[in-house]
Amino acid sequence: MHEKKLETQLIHTGNGQFQKRINKSLTVPETLPVYLTSAYALEDVSALDEIQANKADGYLYSREAAPNADAVAEIIADADKGEQALVFASGMAAITTTVLAFVQTGDHIIAASVLYGGVYNFLANELARFGVEVSFVDMINENITPHIKPNTKLVYTETISNPLMAVPDIGRISETAHAHGLLVLLDNTFATPVIAKPLLLGADIVLYSATKYLGGHSDLVAGAVVAGRELISQIKRLQILYGCILSPHDCWLLARSLRTLGLRMKKHSENALAVAQFLEAHPKIEKVFYPGLVSSPSYERAQRQFSQGYSGGMLSVNLKGGEKAALALVKALAMIPFVPSLAGTSTTVSYPVKTSHRLYSQEERKKLGITDGLLRFSVGLEDSGDIIKEIGTALDEGAKP
């Protein structure tokens with residue numbers, strides 16, 4: 001046998017043949033390995049044909065499918081009681097790709113009036129370039145029926161609205177939409193499958209910014225979609241075409257994070273309720289937005305739709321004194337940083353007017369109730385007493401009406 005040169009040995013030894021031996025081993029890794037490869041080697045052309053025809057398992061190119069992506073998608077689909085899931089390079093990639101999979105020029109969408117600003121921008125401005133019309137409707141207080149048109153294709157809303165923490169009646173919206181042949185897309189980022197399973201309430205497609213609670217450690221950017229197989233296959237076609245699959249390393253991080261999602265969401269929810277109750281009684285707070293409060297207009301709906309009485313870790317407050325008081329409080333918070341994101345292990349504060357909802361006009365924000373005195377808290381996993389003390393001290397020192 002010809003003895004190969006060192007350069008050749010260094011390139012080929014320990015690659016495919018070694019992996020085949022590992023696959024036949026009587027042991028498996030306790031945790032998911034990271035598959036850092038862009039492409040896969042095949043025995044011959046017939047193997048390629050079998051994989052393409054779904055007659056055999058196998059991977060070809062990591063933009064199309066990859067082991068880490070499939071593994072974490074399986075975890076998410078199972079958690080949401082969905083048939084299949086896909087993971088994306090960001091929440092916005094998941095949302096935009098999914099919407100585009102089901103609309104074309106001349107179609108119409110009904111969307112909630114209060115949404116994450118990036119999604120609002122996509123629906124209100126970007127889709128207009130492609131001739132897709134969007135009607136924004138107050139789904140908390142209005143029926144969607146009068147807004148349905150012959151060309152309406154889907155309804156889009158959030159389980160818990162950002163930033164006002166209102167809860168729509170998912171069952172009623174889904175029933176109405178399905179009676180007219182419409183798909184229901186629901187962003188479940190704030191709730192997660194621990195608190196709400198929208199597919200069981202009637203929604204067709206569940207969306208996530210997995211950067212937030214599913215990831216939960218502020219160290220990755222990701223998105224996810226959960227639905228039935230047929231719907232997922234339509235979304236998958238565009239995911240491959242647009243090239244927005246999540247990287248293997250981020251898939252591994254996301255899978256790691258999902259193992260503790262149940263524990264984290266319980267603690268986030270317990271802490272947020274304690275903080276909300278404290279703030280509701282504070283003289284410098286005008287209003288608290290949190291569906292877990294008995295005083296919330298969404299309380300009964302949340303109790304009916306959410307699991308175990310949890311309402312998540314997100315809350316917002318209107319401060320007496322408006323913008324001046326809000327900015328003073330942000331500056332006075334020593335332990336709680338100002339972060340234009342959410343859902344990490346630590347408590348953070350955000351100013352929606354300048355961050356998540358900056359793309360709404362001042363007139364639109366005023367109409368929707370997103371005031372200049374509104375702050376959004378992402379309540380973390382610290383001791384709740386420490387969080388309350390921190391906010392209380394900052395209110396006393398910094399937020400003066």
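Biologist: In this predicted model, which residue does R256 meet in a salt bridge?

Modeller: Side chains of opposite charge can pair when their charged atoms come close. For R256 the N to O distance is 3.2 Å, and a salt bridge requires the nitrogen to be within 4 Å of the oxygen. The partner is D219.

Biologist: How many residues apart in sequence are the parts that R256 and D219 tie together?

Modeller: R256 lies in helix α11, residues 248-258. D219 lies in the loop between β6 and β7. The pair therefore ties together parts whose separation in sequence is 37 residues.

Biologist: Is R256 buried, partly exposed or exposed?

Modeller: Buried means under 20% relative accessible area and exposed means over 50%. R256 has a relative accessible area of 30%, so its class is the one in between. D219, with 36%, is also partly exposed. The class of R256 is partly exposed.

Biologist: How many salt bridges does the structure hold, and which residue pairs with E83?

Modeller: The structure holds six salt bridges. In one of them the closest N and O atoms are 3.6 Å apart, and E83 takes part. E83 lies in the loop between α4 and β1, and its partner lies in helix α10 (residues 229-242), so the pair ties together parts that are 146 residues apart in sequence. That partner is R229.

Biologist: R304 and D169 also form a salt bridge; which of these two counts as buried?

Modeller: The closest N and O atoms of the pair are 3.3 Å apart. The pair links distant parts of the chain, with R304 in helix α13 and D169 in the loop between β4 and α7. R304 counts as exposed because its relative accessibility is 52%. At 16%, the residue that counts as buried is D169.

Biologist: Turning to the sheet, which are its edge strands?

Modeller: The sheet is open and has seven strands with mixed pairing, in the order β1-β7-β6-β5-β4-β2-β3. An edge strand pairs on one side only. The edge strands are β1 (84-88) and β3 (133-137).

Biologist: In what sense do β1 and β7 pair, parallel or antiparallel?

Modeller: Strands of a sheet pair through backbone hydrogen bonds, either parallel or antiparallel. Five bridges join β1 to β7 (residues 223-227). Among the facing residues, F88 stands opposite G223, and V87 has A224 as its bridge partner. The sense of the pairing is antiparallel.

Biologist: Which residue of β7 is the bridge partner of V206?

Modeller: Strand β6 (residues 205-209) runs antiparallel to β7, and four bridges join the two. One of the residues in β7 has V206 as its bridge partner. That residue is V226.

Biologist: Which two residues are joined by a cis peptide bond?

Modeller: Most residues other than glycine have a negative phi, and most peptide bonds are trans. Here a bond with omega of about 15° is cis. P163, one of the two residues, lies in the loop between β4 (152-158) and α7 (170-179). The joined residues are N162 and P163.

Biologist: T192 and Q308 have a positive phi without being glycine; which of them counts as exposed?

Modeller: T192 has phi near 65° and is found in helix α8 (residues 192-195). T192 counts as buried because its relative accessibility is 0%. Phi of Q308 is about 60°, and this residue is found in the loop between α13 (299-305) and β9 (314-319). At 62% relative accessibility, the exposed residue is Q308.

Biologist: How much accessible area do L42, V45 and L48 have together?

Modeller: These residues form a nonpolar patch on the surface. V45 is placed in helix α3 (residues 45-52) and is exposed, with a relative accessible area of 60%. The accessible area of the patch is about 240 Å².

Key. Residues are numbered from 1 along each chain as its sequence is written. This is a predicted model: local features need pLDDT of at least 70, side-chain atom pairs count only at pLDDT 80 or more; totals for chains, interfaces and linings use all residues. Side-chain values use heavy atoms; hydrogens and water are left out. Buried means under 20% relative accessible area, exposed over 50%, partly exposed in between (1.4 Å probe, protein chains only). Two strands pair if DSSP finds at least two bridges between them. Patches are made of residues with over 30% relative accessible area and no salt bridge: like charges are joined within 9 Å, nonpolar side chains (Val, Leu, Ile, Met, Phe, Trp, Tyr) within 5 Å. Accessible areas come from the Shrake-Rupley method with a 1.4 Å probe; for residues, only the protein chains shown count as cover. A salt bridge is a side-chain nitrogen of Lys or Arg within 4 Å of a carboxyl oxygen of Asp or Glu.
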